[in-house]
Amino acid sequence: MEKFTRITATACPLPAENIDTDQILPARYLKLPRKGEHGKVLFQDLRFDADGHERPDFPLNRAPWRNAKIIFGGRNFGGGSSREAAVYALFDYGIRCVIAPSFGDIFSQNATKNGLLTAVVTEADGGALTEALTQEPALGVTVDLGQQTIVCGDLHFHFTIDPARRTRLLNGWDDIDLTESFRSEINAFKAANLKQRPWTVPTQAT
Amino acid sequence: MSTPLTLFDKLWSSHEIVQRDGESLLWVDRHFVHEGSFHAFSRLAERGAAVAEPALTFGVADHYVPTRGRGKPIPNPEIARMVSQLDKNAADQNITLFGLKDRRQGIVHVVGPELGLTLPGLLIVCGDSHTSTHGAFGAYAFGIGASEVAHVLMTQTLWQKKPKRMRITVDGKLSEGLGAKDIALAIIANIGTDGASGHAIEFAGSAIRALSMEGRMTLCNMAIEAGGRCGIVAPDATTFDYLKSREFTPTGAAFDKAMQDWGELKSDAGANFDYEVSIDATAVAPFVTWGTSPEDALPIDASVPDPTLESNPERAKYIRGAIDYMGLAPGKKLTDIAIDRVFIGSCTNARIEDLRAAAAILANRVSKVPGLVSPGSSSVKRQAEEEGLDRLFRDAGLEWADSGCSMCVGINGDLVASGERCASTTNRNFRGRQGVGARTHIMSPAMVAAAAVSGHLADMRPLMARKS
């Protein structure tokens with residue numbers, strides 16, 4: 001997994017509330033295999049009209065934000081469906097960080113497994129960031145995961161993230177290798193569990 | 001004396017293997033996979049790994065399966081590939097599969113419980129956010145993404161940070177004809193779609209105890225729409241009665257031991273919750289959604305909100321956007337909203353009790369709009385047919401189809417056309433959820449039936465009264 005330490009990039013504001021994973025990646029693209037091409041259908045129905053033409057009013061279609069690596073979203077960003085392909089779409093498009101006042105839990109978890117940072121900020125700091133980006137759209141935003149800070153022009157504030165997620169992103173760790181290092185503990189748990197809660201293992205009635 | 005524990009604390013600690021960096025490695029008792037789990041199986045193949053515990057892993061074909069023409073080849077090659085891919089993955093990994101041709105096939109969150117695979121005290125995961133449904137049995141059940149599905153396949157464990165504990169107490173008696181969906185929408189309208197974010201919700205109170213297992217499943221299903229990590233109801237006599245004689249329910253000595261363990265699955269008196277919410281069941285009305293998020297729910301006698309009356313500018317902007325997408329006008333009475341079609345189905349509201357509630361309103365009436373009824377499972381379908389419910393739906397002019405996720409997510413081809421308005425028993429009224437440009441209003445099965453016979457959103461209560 002790609003590490004996340006610090007980036008400086010343009011940040012595209014998408015401050016609408018409840019941008020769910022169905023909007024990030026519509027369900028009809030869930031069949032796509034993972035080939036690094038999910039970015040093409042990111043926000044498909046928000047970015048493009050029914051004929052496939054770009055909607056000029058959608059922020060990612062505007063000049064300063066077309067190559068944004070950061071998205072600044074609204075409350076409950078990524079709520080809804082557990083589809084990890086929503087994270088693939090953001091990542092493949094080039095997005096490495098989403099900043100929002102709150103996230104769907106499963107979305108955040110999926111993001112962490114793919115090198116995408118989800119940074120939680122207060123509504124007040126979010127409002128100030130929106131204001132700054134509205135006045136100067138091309139303003140670079142620096143997100144530093146080690147320091148847990150966001151700097152944009154004169155603005156400087158902190159964001160929150162679970163410590164374990166932060167560690168994972170900073171190191172680009174693969175969970176499976178980490179888990180296998182606890183193989184003996186897992187085996188011991190399994191044996192004890194089988195004794196204490198034998199009913200948890202399904203057996204078909206005959 | 002030991003510290004009083006919540007039900008969730010007990011579920012958590014009984015699955016904890018190790019702790020590290022503020023997270024715990026948890027043992028997974030039950031893992032359900034479906035056609036959409038293919039990314040995880042690809043990951044497995046890339047690593048040359050095998051499924052660690054095939055006996056604890058079950059496959060169900062639901063997301064892409066056709067609801068018509070069963071027994072014939074699937075005409076759309078892409079959809080056929082999704083279904084056969086699951087067949088192959090399950091066969092290669094020795095996973096029991098309830099596939100398209102199995103008489104137990106249905107929606108994973110209906111099938112698990114009805115087969116007795118879902119039990120109190122288990123930790124259950126599936127690559128689907130509505131896995132919260134299984135919490136109705138006092139299980140810790142939650143949805144996960146493809147990376148976590150792959151992790152569970154390979155290790156039968158999962159790293160999780162312990163959520164905070166939340167209790168939603170619903171006391172009092174619901175009005176006649178109202179159900180779990182109304183409670184769920186009342187809660188979400190109250191606390192918002194991120195109201196339970198980071199929390200494990202325990203549903204408690206006399207109105208919850210009075211719910212059937214079907215009702216508890218509907219409620220826990222919708223816990224995810226309140227942002228909750230999971231929804232749980234403590235098991236009781238209703239739960240144990242439901243579990244009796246199910247195909248995979250433990251028997252003999254194992255059952256006796258299980259009953260002993262399940263008796264402990266409740267929050268101790270004085271246990272501490274991080275967040276408490278109380279709802280008065282007597283004040284709950286039939287709810288419908290007007291906008292593009294489940295929190296946009298109002299009692300049926302209300303009107304579409306007016307953004308000019310909203311003090312928060314972001315919220316006002318959101319309301320304007322939602323009204324525009326939904327093709328509504330501020331202040332329009334909800335009962336004046338004409339619909340184009342209805343859908344009765346999904347893991348939220350397609351169990352036998354849901355079909356009975358809808359059929360009771362539709363009996364001897366005709367739907368003014370076309371509609372589709374897709375039972376929650378093939379077993380539910382057979383039972384409904386034994387009870388003659390299929391005839392009531394057909395006589396009312398609705399289509400009676402086979403079981404699957406169908407028009408809730410639309411990926412099997414059951415879609416609502418752009419601009420069309422659908423009254424739906426599903427869980428998400430998101431933009432484009434039922435098809436590009438589709439307009440979804442979510443509500444209970446009885447309310448969908450009332451909308452069908454009225455041609456517009458309608459209160460089902462007068463329709464019930466007239467019958468008796």
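## Burial in helix H6 of chain A

A residue is called buried when its relative accessible area is under 20%. In this predicted model, that description applies to A:Ala164, A:Arg165, A:Thr167, A:Arg168 and A:Leu169, which belong to helix H6 of chain A, spanning residues 163–171.

The buried residues of H6(A) pack against parts of both chains: in chain A these are helix H4 (105–112), strand E4 (117–120) and helix H7 (175–180), while in chain B they are strand E2 (23–27) and strand E8 (157–160). Just after H6(A) comes A:Gly172, whose phi is positive, at about 65°.

## Overall form of chain B

The secondary structure of chain B consists of 16 helices and 19 strands, and its C-alpha trace spans about 60 × 55 × 45 Å along the principal axes. Because a compact globule of 468 residues would have a radius of gyration near 23 Å, the 21 Å of chain B agrees with that expectation.

Of the 468 residues in chain B, 66% count as buried. Among contacts in chain B with a separation of 6 or more, 76% involve residues 24 or more positions apart. Chain B exposes about 15600 Å², of which carbon and sulfur atoms supply 50%.

## A parallel sheet in chain B

One open sheet of chain B has 4 strands in the order E11-E10-E9-E12, with parallel pairing. Its edge strands, each pairing on one side only, are E11 (230–232) and E12 (275–280), and neighbouring strands of this sheet are turned by 20° against each other on average, direction ignored.

Within chain B, strand E9 (residues 164–171) runs parallel to strand E10 (residues 199–204), and 6 bridges join them; B:Arg165 has B:Ala200 as its bridge partner in E10(B).

Methods
Residues numbered from 1 in each chain as written. Chains lettered and ligands numbered in written order. Predicted model: local features only at pLDDT ≥ 70, side-chain atom pairs only at ≥ 80, totals over all residues. Heavy atoms only, no water. Pairing = 2+ DSSP bridges. Helix = DSSP H or I, 4+ residues; strand = E, 2+ residues; numbered from the N terminus. Axes fitted to C-alpha atoms, helices over the stretch in contact; angles between N-to-C directions. Buried < 20%, exposed > 50% of the residue type's maximum accessible area, 1.4 Å probe, protein only. Contact = heavy atoms within 4.5 Å. Rg over C-alpha atoms; globule rule 2.2 N^0.38 Å. Areas by Shrake-Rupley, 256 points an atom, 1.4 Å probe, with all protein chains shown as cover.
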